[in-house]
Amino acid sequence: MKDKKVALVTGAMGGIGTAICHKMAEDGYHVLATHRPGKEDSATSWIDSEAFPANLVEPLALDVCDTADCDQVLKKVMEDFGRIDVLVNNAGITRDTTFKRMNFAQWNDVINTNLNSLFNVTQPLFQAMCEQGNGRIINITSINGLKGQFGQANYAAAKAGMIGFTKSLALESARFGVTVNAVAPGYTATPMVSSLKEEVLDSIKVQIPQRRLATPVEIAKSISYLASEDAAYITGETLNINGGQYMH
Ligand code: CAA
């Protein structure tokens with residue numbers, strides 16, 4: 001196992017996360033696929049049902065909102081594997097509601113899961129990645145972190161924060177051969193988007209010039225590219241994949 005490159009993907013069991021795990025396994029990585037502690041049974045059935053290439057995907061219980069848990073689990077990962085080549089910070093949730101109605105728990109849950117997780121997960125791995133002299137950190141932000149979205153003050157704030165983090169960390173890691181980039185998907189065919197009310201989703205689709213949602217595979221392919229040697233000179237960038245819905 002130690003001869004393989006290692007990728008760690010948070011929020012792995014979601015729509016985009018699953019596609020990323022498939023793509024990274026196809027690319028030959030040993031993939032550590034994180035899920036919330038307590039979801040071990042779902043993780044096992046997910047691994048069974050996805051039939052990942054060459055059994056290269058391994059579940060890992062990690063609470064991305066818990067600084068101490070991340071520190072402990074990820075230090076153990078470094079001891080076991082000796083390296084992390086690619087870190088994909090993908091874990092994210094929504095608690096959509098107008099700001100007028102938003103309570104602090106809805107604000108805080110989203111900021112914790114989508115933004116504070118970047119600190120919790122990246123901090124225990126960052127120094128080791130720099131010492132390796134090579135690495136890729138890829139943060140999954142959102143079109144809505146760039147354009148804002150009615151009903152998503154919490155989510156848009158967290159996703160915009162991820163972009164500032166990406167650019168700053170890219171500056172700090174550039175001389176060590178570690179690139180840090182963000183991918184900003186538009187509306188993608190995942191359970192998160194399909195849980196929107198039909199009329200809301202219809203009103204969004206008409207704002208997309210390509211008149212369709214992204215597929216998770218389209219998003220995963222961009223992560224595969226950013227993780228590759230071919231993307232060595234790209235850092236601090238945010239790659240928009242949104243069918244033309246937002247250009248800036
Ligand atoms: N712009 C302006 N006004 C809007 C609006 C918009 N985009 N959307 C709704 N409104 C208005 C409505 O017209 C309505 O006005 P009136 O009261 O005058 O009739 C009012 O706001 C309330 O609208 P709703 O009936 O929809 O209110 P609600 O409380 O049932 O729902 C909401 C509010 C939860 C925010 C709902 O509108 C919603 O789900 N919006 C979509 C949010 C969204 O896009 N989430 C993305 C999830 S996927 C994701 O996050 C992945 C990713 O990265 C892209």
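How many Å should the 29 residues of helix 4 span, and how far apart are its end C-alpha atoms? At 1.5 Å a residue, helix 4 (residues 104-132) should span 42 Å. Its end C-alpha atoms are 40 Å apart, which agrees. This is a predicted model.

**Helix 4**

- Helix 4 has a kink of about 45°. The kink is centred on Asn116.
- Gly133 follows helix 4. The phi of Gly133 is positive, near 80°.

**Ligand: the surrounding shell**

- The ligand is surrounded by 17 residues. The closest are Asp96, Arg101, Ser142, Tyr155 and Tyr187.
- By type, the shell around the ligand holds eight nonpolar, six polar and three charged residues.

**Ligand: polar side chains and cover**

- Ser142 places a polar side-chain atom 2.6 Å from an oxygen atom of the ligand.
- For Gln152, a polar side-chain atom lies 2.9 Å from a ligand oxygen atom.
- Lys197 also has a polar side-chain atom by a ligand oxygen atom, at 3.0 Å.
- The ligand exposes 1,100 Å² when taken alone. The protein buries 57% of that area.
- Helix 7 (191-194) and helix 8 (198-205) are the elements that give two or more residues to the shell around the ligand.

Methods
Residues numbered from 1 in each chain as written. Predicted model: local features only at pLDDT ≥ 70, side-chain atom pairs only at ≥ 80, totals over all residues. Heavy atoms only, no water. Near = heavy atom within 4 Å. Polar contact = N/O pair within 3.5 Å; in protein donor to acceptor, adjacent residues only side chain to side chain. Areas by Shrake-Rupley, 256 points an atom, 1.4 Å probe, with all protein chains shown as cover. Helix = DSSP H or I, 4+ residues; strand = E, 2+ residues; numbered from the N terminus. Nonpolar A, V, L, I, M, F, W, Y, C, P; charged D, E, K, R; others polar. Expected span 1.5 Å × (residues − 1). Bend = angle between axes of the 7 residues up to and from the residue.
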